[in-house]
Amino acid sequence: PSSYRDRRSEGAFGGGTRAFAPSGKPDAAAAAAAAELDGLPRFEKNFYVEVPAVAGMTAEEVEAYRRRREITVEGNDVPKPVRDFRDVGFPEYVLQEITKAGFTEPTPIQSQGWPMALKGRDLIGIAETGSGKTLAYLLPAIVHVNAQPILAPGDGPIVLVLAPTRELAVQIQQETTKFGASSKIKSTCIYGGVPKGPQVRDLQKG
């Protein structure tokens, strides 16, 4: 798996990070900031392993599946869609939450979105209301959170979800609480119109 630090170390300078002022000379403050970045914990992004059932799909089978599920994709090196929850490679604690929720198969946005999100790829997903968009990013987010070092007070957050309305933000947190319960993930919902003290304390506690 790649990380931010890995990508930065592959530059033209042959590894490590160097900082230069506009004059082209090393800048002490920028160099100190770069050194601080180099000291940060490794942040893994790619947790997707393509199972044989997915890897064995031919291009024709992938196209037929996407056509049947009305999935349209754009971009380079787009992963094949998954047809079953166990094809995703989710940890058992995530699969248990899916089973408890009574779901039988991934929705189209989940089928194509989960492999991309678990690989740490940038993703824009468009689907109608009730299509499972929230879990399309939330379950991979839970996997990403649990794979990172435990946060100290004042650190974080690891995942930030922006929602256009308070009602939607509250709904997203409810889903986060439900599906993150087995892994003891903590979350909070931040919005205006209420006292900020409890929200600030939630963020400070991590």
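Predicted model: local features only at pLDDT ≥ 70, side-chain atom pairs only at ≥ 80, totals over all residues.
Residues are numbered from 1 along each chain as its sequence is written, and side-chain values use heavy atoms, with hydrogens and water left out.

Me: How many salt bridges does the structure hold?
Reply: A salt bridge is a side-chain nitrogen of Lys or Arg within 4 Å of a carboxyl oxygen of Asp or Glu. The number of salt bridges in the structure is five.

Me: Which residue forms a salt bridge with arginine 67?
Reply: Helix α4 covers residues 59-68; helices (H or I, at least four residues) and strands (E, at least two) are DSSP runs, numbered from the N terminus. The closest N and O atoms are 3.4 Å apart, and the partner is glutamate 63.

Me: Is arginine 69 buried or exposed?
Reply: Buried means under 20% relative accessible area, exposed over 50%, and partly exposed in between (1.4 Å probe, protein chains only). The relative accessible area of arginine 69 is 13%, so arginine 69 is buried.

Me: How many residues apart in sequence are the parts that arginine 69 and glutamate 105 tie together?
Reply: Arginine 69 forms a salt bridge with glutamate 105, with the closest N and O atoms 3.9 Å apart. Arginine 69 lies in the loop between α4 and α5 (92-101), and glutamate 105 in the loop between α5 and α6 (108-118), so the parts tied together are apart in sequence by 36 residues.
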